[in-house]
Amino acid sequence: MSDSTPTPNPASTRLSWWQNEDWLAVIAAAPLIAAVVYGWKFKLPSLTWTSAADISQVFSSENLLAMGGTSGLLILLAGVILFASLGKRMIAFLGGACVVFALAWLAQTMAANAQVKALGLEYVVFALGLGLLWSHLLPTPGWLMSAVRTEFFIKIGIVILGANILFPELMKAGLPGLIQAALVIPVIWHITFRLARWLKVDDEFGVMLSTAVSICGVSAAIAACGAIQGDKKKLSYVTSVVLLCAVPMMILMPWLVKWMGLNEAVAGAWLGGTLDTSGSVLAATEMVGEIASKTGAVVKLSQNVLIGVAAFFISIWWTLRERDSNPNAPRPSAGIIWERFPKFVIGFIATSLVFSFLLTPETVKAVEKPLKSLREIWFAAAFVCIGLETRLSDLFKLGGGRPALAFLGGQFVNILWTLLLAWLLFGNILFPAK
């Protein structure tokens, strides 16, 4: 019997908004964004270093106070927001979160090294690595694991990410990018999903893998997981595969650009459309040139803006699919689709709309750096959590390696299809330079 045969979900347990991490992530992100917009100036540590001689400056008392002060505020905020679900575990959560955020800052410090930056390695790779090292070499007591709130942390970061998705900027500079995203996402999603089924990977896994490959990696996979109420272990697997694949691609693809003699605009569109994290796009395109960096950023932005659209359609499709395979499943309705829709995406879209149309360009520019720093702290903490809750031996057993093959196969097709579209759209073929 094929693994793609759907299994009926247990009866839905509707959570109140104050128990739903999607809404809680929006509630946590909103005051942070508002505080920065209204002038909150928190101290940012200076993490850049070149050699061992600089380490003492990185870990100076001033920097440590900045890290500790910001982390303490974010941990306290998370604790208050999660109070209803934590209950008596609040003290354990606060203690565990201190360890998680300390590892998150260490990951960011490692990634801030000049040589590491030259290689294009991102803080998320180090955060995942530190979490994995801890989980495999050190004890993971209950008090520490009570702070492992991967999705909650990363959803807060995604809501804050909406501040960087500016629609006027996108529409002014990104028509070819939007066309590329619109042609890449459905084609690559469908091919990856069919490949996953051919490899007998279950549909739940297939949806997360296909969405990660076709849109923008981890953020899209989390939105897809929320839309289908998927298995968190499978989400951790997809996240790990995305990051492990991103590193060699980020290093090899700029070399391929030069070997093939692509112009910078085509190269940027290709890298922006295939690399799965914004940081890896920036690192890879900077190795090519300034035009490549600008084009890559527009293309990646075009994909990011479609996270909400994808989540909406996946919610509808998954609900209809369950009804087809199980006559006893709830009849598709607006209520069922709303229940499945990942609510944090609403926060992401709302943030984007506010920053696009309600704030002045000067304000948006002024808050860009502090909001980016806050987003990266939450993301780093989330990837530490992924490492802490992941056992590599379990990942290798999950699906017998077939999900990884499906991801790699989909990514291979993605590289070829996106290269063709980038050449047509950015190579003066369909849109000749004036």
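Entry 1. I began with helix H9 (residues 150-161) and helix H20 (residues 344-358), and I found that the two pack at an angle of about 25 degrees with their axes 7 Å apart. The model is a predicted one, and I kept that in mind throughout. Because angles under 35 degrees count as roughly parallel, I noted H9 and H20 as roughly parallel to each other. Their crossing is right-handed. I then looked up who meets whom, and found Lys155, Ile158, Val159 and Leu161 of H9 against Phe344, Gly347, Phe348 and Thr351 of H20. Sorted by class, this contact of H9 with H20 holds five nonpolar, two polar and one charged residues.

Entry 2. I stayed with H9 and checked its length: its 12 residues reach 16 Å from the first C-alpha to the last, which is close to the 16 Å expected at 1.5 Å a residue. How many residues of H9 are buried? I found that 12 of the 12 are, so the helix is largely enclosed by the rest of the structure. Among the buried residues I wrote down Glu151 and Lys155, along with Phe152, Phe153 and Gly157.

Entry 3. Next I turned to helix H5 (residues 90-111) and helix H21 (residues 361-388), whose axes come within 8 Å and cross at roughly 110 degrees. H5 and H21 are therefore roughly perpendicular to each other, and H5 passes H21 in a right-handed crossing. On the H5 side, the contact includes Phe101, Trp105 and Gln108, while on the H21 side it includes Glu376, Trp378 and Leu388. The residues of this contact of H5 with H21 divide into 12 nonpolar, one polar and one charged.

Entry 4. I then looked at helix H12 (residues 203-216) and helix H13 (residues 218-228), and found that their axes come within 7 Å and cross at roughly 145 degrees. H12 passes H13 in a right-handed crossing. Among the residues making the contact are Glu204, Met208 and Cys216 of H12, and Val218, Ser219 and Ile228 of H13. By class, I counted 11 nonpolar, two polar and one charged residues in the contact of H12 with H13.

Entry 5. Is Ala334 buried or exposed? Its relative accessible area is 64%, so Ala334 is exposed. I also noted that its C-alpha atom is separated by 42 Å from that of Ala265, which is 69 residues apart from Ala334 along the chain.

Note on methods: Residues numbered from 1 in each chain as written. Predicted model: local features only at pLDDT ≥ 70, side-chain atom pairs only at ≥ 80, totals over all residues. Heavy atoms only, no water. Axes fitted to C-alpha atoms, helices over the stretch in contact; angles between N-to-C directions. Helix = DSSP H or I, 4+ residues; strand = E, 2+ residues; numbered from the N terminus. Left-handed = near helix turned anticlockwise from the far one by under 90°. Contact = heavy atoms within 4.5 Å. Nonpolar A, V, L, I, M, F, W, Y, C, P; charged D, E, K, R; others polar. Expected span 1.5 Å × (residues − 1). Buried < 20%, exposed > 50% of the residue type's maximum accessible area, 1.4 Å probe, protein only. Parallel < 35°, antiparallel > 145°, perpendicular 65-115°, else oblique.
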